[in-house]
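Here are my notes on the model you sent over. Have it open beside you as you go through the points.

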Amino acid sequence: MSALLDVEDLVVRFATPGGEHTAVRGVSFSVRAGERVGIVGESGSGKSVTAQAVLRLLGPAATVAGGAVRFDGRDVLAFDRGELRRWRGAQAAMVFQDPLSSLNPLVRIGRQVTETLREHLGLDRRAATAKAAELLASVGIPDAAARLREYPMTFSGGMRQRVAIAIAISCAPRLLIADEPTTALDVTVQAQVLDLMDGMTADLGTAVVLISHDLGVVSTFCDRVLVMYAGRVVESGTADQIVEDPRHPYTRALLASIPSLEGELPRRLPSIPGTPPQPGRAHTGCAFADRCPLAADVCRAEDPEPLELGDGRLAACHFADRSAG
Amino acid sequence: MTPWVLRRLGQMVLVLLGVVTLAFFMSYAVPGDPARLIAGPNADAATVASIRHQLGLDASLWSQYTGFLGRLARGDLGTSYALHGAPVSEQLALALPTSALIAVGGVLWQVIIGVPAGIIAAYRPGRAADRIATLGALVGLSAPPFWVGLLLIYYLAYRLSIFPLTGLGDPMWWYLALPTFTLGLAGAAWYARMTRTQMIEVLRTPYIQLARAKGLRERTILLRHALRNVLTPLITMIGMDFGYFLGGVLIIESVFGLPGVGKLTYDAIDQLDIPMITGAVLCAAFFVVVMNFLVDLAYAAIDPRVRNRR
């Protein structure tokens, strides 16, 4: 079966006052219709930039310097303005990290929901308003019809993220990219919002790319997981494979840093020693080598190519064929 | 909301009282004797004294001040020394329509030129349109209005005879085209810069990114989502400028020979016409204060968060 979204060798560069730096260095992945793919990594790993590049939402400082993005076989990077407009919001939608700033404070909630419906589905005002009330009700906002007339400030963070999800799924998109959708929310609300996204996208058969720094969240929600580090995918596989048999030392370190709910809490939470490489600084060899417990001479000399491990899994590590332990 | 309005109205009255008091005492602090000015250089001391008595200038400063406030409370701004006892309010009423027209025209030009220039410049910062707009704004800011006004008069009115040279006539807007444009051009540069700065900031916000991700038209994104968030500082500027212009714009009025409040104030100061000076100052302060209040009301109309806070 062919992929709904196909990202191939994507390279994104940023022009900064200090020179150019490459935020995404050859990322490839694909998402089948209805599939859920998670992208995990620390901040600065390039996961958000990858998502923005796919929807062509990068700011003026960033350029896609190489690679391809195909949606349903069509070349997204070649879309003209009109094609892009008809595609975004209708077939590919996005939910952003901070619900407090991703809704326009000066535009009524109703307008923010209906404008997508009117633009893409050609509904008139009345029909769009009715549909918007229905959508808000379906994401669990009580008294939805009345709240359409309110401004975002009267909504809590969790409620705003529900509105953002309602907007995203309003035109039944085939792909939803959610960039840290629960990071800014209270822990109790996080689970509700994830459940909501789960239900809504399952009903519509929408494929999801979930971006998070939280491997726990990603592995429960997603079918497949990509682990990104310093602008590259260092490991990918099914959620089970990644959690149960991680092959990249970075993935293992990420897993180890999730505190267990059983037993006594360690005095200090485990963290990965060192810091990710500075963006823009050139380095030879594996980007993780400085922090890696397995690092050998070969790691500092040669950047490892992604290694096929069978069952469709990949890991970019010189020692990927060795299991942990 | 209502207690807030009352509180603001109270503040406004206090501010006006303060301004008018300052203006009153400052005109007395200025060296020179109004009675002597009116009597002329050849008048004898007795004539000057009698004029001084007529004007009430021989009373104590305090009783002059309380008398002035008492009349003011009844809406009486006094009579002009220089213009042979013409009521100050009448003179102001004659000059105000001209100033109001200049103010409206000047603000309109500022907005019409400045805001679109700022939006275009902000849309793609650093590109050609931005550079042209930024350069234009720099020129606009650096060019003194009297010089721009003279240039316009020389080329468009004198050489090409497209516009009337100076003064007022019929149709009014034809006579006001050059003066308001001159006034607006200098201000437009500020508007362009402010709009550009604010717009660039707004265009970076997540809600604009979301608007793009929703597949909205660029026009909708700019005008519905972005401009609305730039409106608050813009309305502040419009309101303040309007209030300021209503107090008279001397340079424009002088260059184009227009009988506005600016010219009236200038003449009053020149002749030490104290009732006229205080009247003009009070008028200018009144408009600034009122516009300030209207701007605050406009904030509440635009931004629900402001509404909520009150």
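**Notes on the predicted model**

1. Start with the surface of chain B: Phe146(B), Trp147(B), Leu150(B), Leu151(B), Tyr154(B), Tyr155(B), Tyr158(B), Leu165(B) and Ile251(B) make up a nonpolar patch with about 910 Å² of accessible area together. A patch takes residues with over 30% relative accessible area and no salt bridge, joining nonpolar side chains (Val, Leu, Ile, Met, Phe, Trp, Tyr) within 5 Å and like charges within 9 Å. The areas are Shrake-Rupley values with a 1.4 Å probe, and for residues only the protein chains shown count as cover. Helix 7 (residues 145-159) of chain B is the main contributor, giving seven residues, and Leu151(B) lies in that helix.

2. A word on ground rules. This is a predicted model, where local features need pLDDT of at least 70 and side-chain atom pairs count only at pLDDT 80 or more, while totals for chains, interfaces and linings use all residues. Residues are numbered from 1 along each chain as its sequence is written, chains are lettered from A and ligands numbered from 1 in the order written, and side-chain values use heavy atoms, leaving out hydrogens and water.

3. Chain B has 14 helices and zero strands (DSSP runs numbered from the N terminus: H or I, at least four residues, for helices; E, at least two, for strands). Its C-alpha trace spans about 85 × 60 × 30 Å along the principal axes.

4. An unreviewed UniProt entry lists "transmembrane region" stretches in chain B, among them 100-123 and 135-157; such annotations may be inferred rather than shown by experiment. Residues 100-123 of chain B are 100% helix, with end C-alpha atoms 34 Å apart. For 135-157 of chain B the figures are 91% helix and 27 Å.

5. Over in chain A, UniProt (unreviewed entry) puts "domain: ABC transporter" at residues 5-255. That span is 40% helix and 28% strand, and its end C-alpha atoms lie 28 Å apart.

6. How many salt bridges are there over all chains? The count is 21, taking a side-chain nitrogen of Lys or Arg within 4 Å of a carboxyl oxygen of Asp or Glu. In one of them, Arg174(A) meets Asp72(A) at 2.6 Å, N to O. Arg174(A) sits in the loop between helix 7 (157-169) and strand 7 (175-179) of chain A, and Asp72(A) in the loop between strand 4 and strand 5 (74-75) of chain A, so the pair ties together parts 102 residues apart in sequence.
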